[in-house]
Amino acid sequence: MNESIEYIGYAASFFVLLSFLMKKMTTLRLVNIIGCALFIWYGVMLNSIPIIITNCAILIVNIYYLLKTKAETSN
């Protein structure tokens, strides 16, 4: 495997792990979105459909709840 692809995977893992250390839910979701985006990129580079599908789904869930939270605080 190409070394640069591995670094993308390490960065993705780092951001997902880091997101679980966040106290504020909004910050957790934003950091997790970065991790998911990196994992999607990693999955594309590896041509791994399970990695891509899983992280696309998690990304959508995070965006949904971020938008929901924003709408609730706007009212």
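**Reading cysteines, cores and helices**

Biologist: The sulfur of Cys 56 lies 8.9 Å from the closest cysteine sulfur, that of Cys 36, too far for a bond. What is a disulfide?

Modeller: A disulfide is a covalent bond between the sulfur atoms of two cysteines. The cut-off is a pair of cysteine sulfur atoms within 2.5 Å. Across the whole structure, the search returns 0 disulfides. This is a predicted model, in which local features need pLDDT of at least 70 and side-chain atom pairs count only at pLDDT 80 or more, while totals for chains, interfaces and linings use all residues. Residues are numbered from 1 along each chain as its sequence is written, and side-chain values use heavy atoms, with hydrogens and water left out.

Biologist: Are Cys 36 and Cys 56 buried or exposed?

Modeller: Buried means under 20% relative accessible area, exposed over 50%, and partly exposed in between (1.4 Å probe, protein chains only). Cys 36 is buried, at 1%, whereas Cys 56 is partly exposed, at 28%. Of the 75 residues in the protein, 31% are buried.

Biologist: How many helices and strands does the protein have?

Modeller: Helices (H or I, at least four residues) and strands (E, at least two) are DSSP runs, numbered from the N terminus. Here there are 3 helices and 0 strands, in the order α-α-α along the sequence. The C-alpha trace spans about 50 × 25 × 15 Å along its principal axes.

Biologist: Which residues make up the largest nonpolar core?

Modeller: In soluble globular proteins, nonpolar side chains tend to be buried together. A nonpolar core is a set of buried Ala, Val, Leu, Ile, Met, Phe, Trp, Tyr and Cys residues joined through side-chain atoms within 4.5 Å. The largest one here has 6 residues: Ile 5, Ile 8, Ala 12, Leu 38, Phe 39 and Tyr 42. Helices α1 (3–19) and α2 (25–46) each give two or more residues to this core. Apart from it lies another core of 5 residues, including Ile 33, Ile 40, Leu 59 and Leu 66.

Biologist: What is Ile 8 in contact with, leaving aside its neighbours within four places in sequence?

Modeller: Contact means heavy atoms within 4.5 Å. On that basis Ile 8 touches Leu 38, Trp 41, Tyr 42 and Met 45.

Biologist: What span is expected for helix α3?

Modeller: The expected span of a helix is 1.5 Å times one less than its number of residues. Helix α3 (residues 49–74) has 26 residues and reaches 37 Å from its first C-alpha to its last, close to the expected 38 Å. Its buried residues are Ile 52, Asn 55, Leu 59, Asn 62 and Leu 66, and their cover includes α2.
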